[in-house]
Amino acid sequence: MSERRSGFVTISHGPVGVLGVIVAASALAVTADQYGLVGGALLVLAVIFPPPYTVALGHVLLVALDPNGLSPAALVAVEAGLLASLVDASASTARGRDAVAVLTAVGLVVGVVWGSLRLGATHWTSVGLLALVVALGSYGLHRYELVRFDLVGTDR
């Protein structure tokens, strides 16, 4: 990930990432009353942090600014902007496989939640199913890391 110096500030996002953060901040500012404007400004200022921190701040602001829930269009706009930030950071690495992995993981999460809700599951069932998928995926990645980097002990 390359950092760009702009005056006194170092911007940690690429151009697509900055545009994504601006889209997410605009959606927050438009949909979440007067505090949304402050939250959107904070999110735009967060481009000086690495993308994972910006995405985390965006989700904290999303939950804090509108506890009653956003309209589906506003939620999609905020999430799409934050996803663009992550994909831009992943695509700017040496391998584009990271961007493919991010998009696949997001697609899996969205597919699990959407599919379970579409089949008539309750929200808590969808949350439980999502937690199970994330736990199994995390364990699988952990095992892959052990084998890939030859960290598995052979002495038994």
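Helix axes are taken here as lines fitted to C-alpha atoms, over the stretch in contact, and the angle between two axes runs from 0 to 180 degrees between N-to-C directions. In this predicted model, the axes of helix H3 (residues 51-65) and helix H4 (residues 72-91) come within 9 Å and cross at roughly 170°. Since angles over 145 degrees count as roughly antiparallel, H3 is therefore roughly antiparallel to H4. On the H3 side the contact is made by Pro-51, Pro-52, Thr-54, Val-55, Gly-58, His-59 and Leu-62, and on the H4 side by Leu-75, Val-78, Glu-79, Leu-82, Ser-85, Leu-86 and Ala-89. Of these contact residues, nine are nonpolar, four are polar and one is charged.

The 15 residues of H3 should span 21 Å at 1.5 Å a residue, and the end C-alpha atoms of H3 are 21 Å apart, which agrees. Buried positions in H3 are Pro-51, Thr-54, Val-55, Gly-58, Leu-61, Leu-62 and Leu-65. These residues lie on the same side of H3, because they cover an arc of only 125° around the axis. They pack against helix H1 (15-31), helix H2 (33-45) and H4. The face of H3 turned away from the buried side carries Pro-52, Tyr-53, Val-60, Val-63 and Ala-64, which are exposed.

For H4, 20 residues at 1.5 Å a residue should span 28 Å; the end C-alpha atoms are 27 Å apart, in agreement. Ala-74, Val-78, Gly-81, Leu-82, Ser-85, Val-87, Asp-88, Ala-89 and Ser-90 are buried in H4. The packing partners of the buried H4 residues are H1, H2, H3 and helix H5 (97-118).

Methods. Residues numbered from 1 in each chain as written. Predicted model: local features only at pLDDT ≥ 70, side-chain atom pairs only at ≥ 80, totals over all residues. Heavy atoms only, no water. Helix = DSSP H or I, 4+ residues; strand = E, 2+ residues; numbered from the N terminus. Parallel < 35°, antiparallel > 145°, perpendicular 65-115°, else oblique. Contact = heavy atoms within 4.5 Å. Nonpolar A, V, L, I, M, F, W, Y, C, P; charged D, E, K, R; others polar. Expected span 1.5 Å × (residues − 1). Buried < 20%, exposed > 50% of the residue type's maximum accessible area, 1.4 Å probe, protein only. Arc of directions from axis to C-beta.
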